[in-house]
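Colleague: I would like to go through the terms used for this model and see what each one rests on. Please set each value against its definition.

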Amino acid sequence: MQITWLGEQRYLGVSASGHQLLIDNSPVKIGVSPMEALLGALATCTAYDVVEIMNKRRTPLATYRIEVEGERAQSDPKRYTRITVRHIAAGAGISQEQLVRAATLSHEKYCSVAASLNSEIVVEARLEDAAAS
């Protein structure tokens with residue numbers, strides 16, 4: 001992903017496939033903050049898994065949404081210390097047990113975002129001269 005500064009605290013992310021994401025931490029926001037984007041990535045990743053698991057079990061969801069919220073540390077870097085993901089779903093023949101199983105499989109086995117949040121990630125920062133590229 002390539003991120004370009006647009007001024008103030010606004011950035012345009014462009015993925016390798018050409019899709020765009022506006023990330024904004026300005027006083028007057030027109031996009032999501034970086035931390036909101038992280039919550040959104042987690043919610044979307046697990047939602048994808050749950051919908052697929054339920055479809056494969058031939059119990060498709062009629063309605064489905066995720067509500068996700070994070071608690072942050074008070075001191076810098078103000079990382080998330082707890083994230084709560086609520087799966088809210090309904091559909092013909094769907095039991096609470098099936099939904100819990102699908103969500104558990106996602107969070108513990110399939111969701112790459114959840115796995116990334118639960119592990120140590122090596123982040124390498126490199127500085128390059130803009131004039132050279």
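Modeller: The expected span of a helix is 1.5 Å times one less than its number of residues. Helices (H or I, at least four residues) and strands (E, at least two) are DSSP runs, numbered from the N terminus. This is a predicted model, in which local features need pLDDT of at least 70 and side-chain atom pairs count only at pLDDT 80 or more, while totals for chains, interfaces and linings use all residues. Residues are numbered from 1 along each chain as its sequence is written, and side-chain values use heavy atoms, with hydrogens and water left out.

Colleague: How do you know that the span of helix 1 agrees with its 23 residues?

Modeller: Helix 1 covers residues 34–56, and at 1.5 Å a residue it should span 33 Å. The C-alpha atoms at its ends are 33 Å apart, so the two values agree. Just after helix 1, R58 has a positive phi of about 60°.

Colleague: Why is S26 called buried?

Modeller: Buried means under 20% relative accessible area, exposed over 50%, and partly exposed in between (1.4 Å probe, protein chains only). S26 has a relative accessible area of 2%, so it is buried. S26 sits in the loop between strand 3 and helix 1. Leaving out residues up to four places away in sequence, S26 touches E8, Q9 and R10, where contact means heavy atoms within 4.5 Å.

Colleague: Which residues of helix 1 are buried, and what covers them?

Modeller: Among the buried residues of helix 1 are L39, L42, A43 and C45. Their cover includes strand 4 (63–72), strand 5 (80–90), helix 2 (96–110) and helix 3 (112–117).

Colleague: Why are helix 1 and helix 2 called oblique?

Modeller: Axes are lines fitted to C-alpha atoms, for helices over the stretch in contact, and angles run from 0 to 180 degrees between N-to-C directions. Angles under 35 degrees count as roughly parallel, over 145 as roughly antiparallel, 65 to 115 as roughly perpendicular and the rest as oblique. The axes of helix 1 and helix 2 cross at roughly 130° and come within 9 Å. Helix 1 and helix 2 are therefore oblique to each other.

Colleague: What makes strand 1 and strand 2 a pair?

Modeller: Two strands pair if DSSP finds at least two bridges between them. Five bridges join strand 1 to strand 2 (residues 10–14), and these strands run antiparallel. I3 has G13 as its bridge partner in strand 2.
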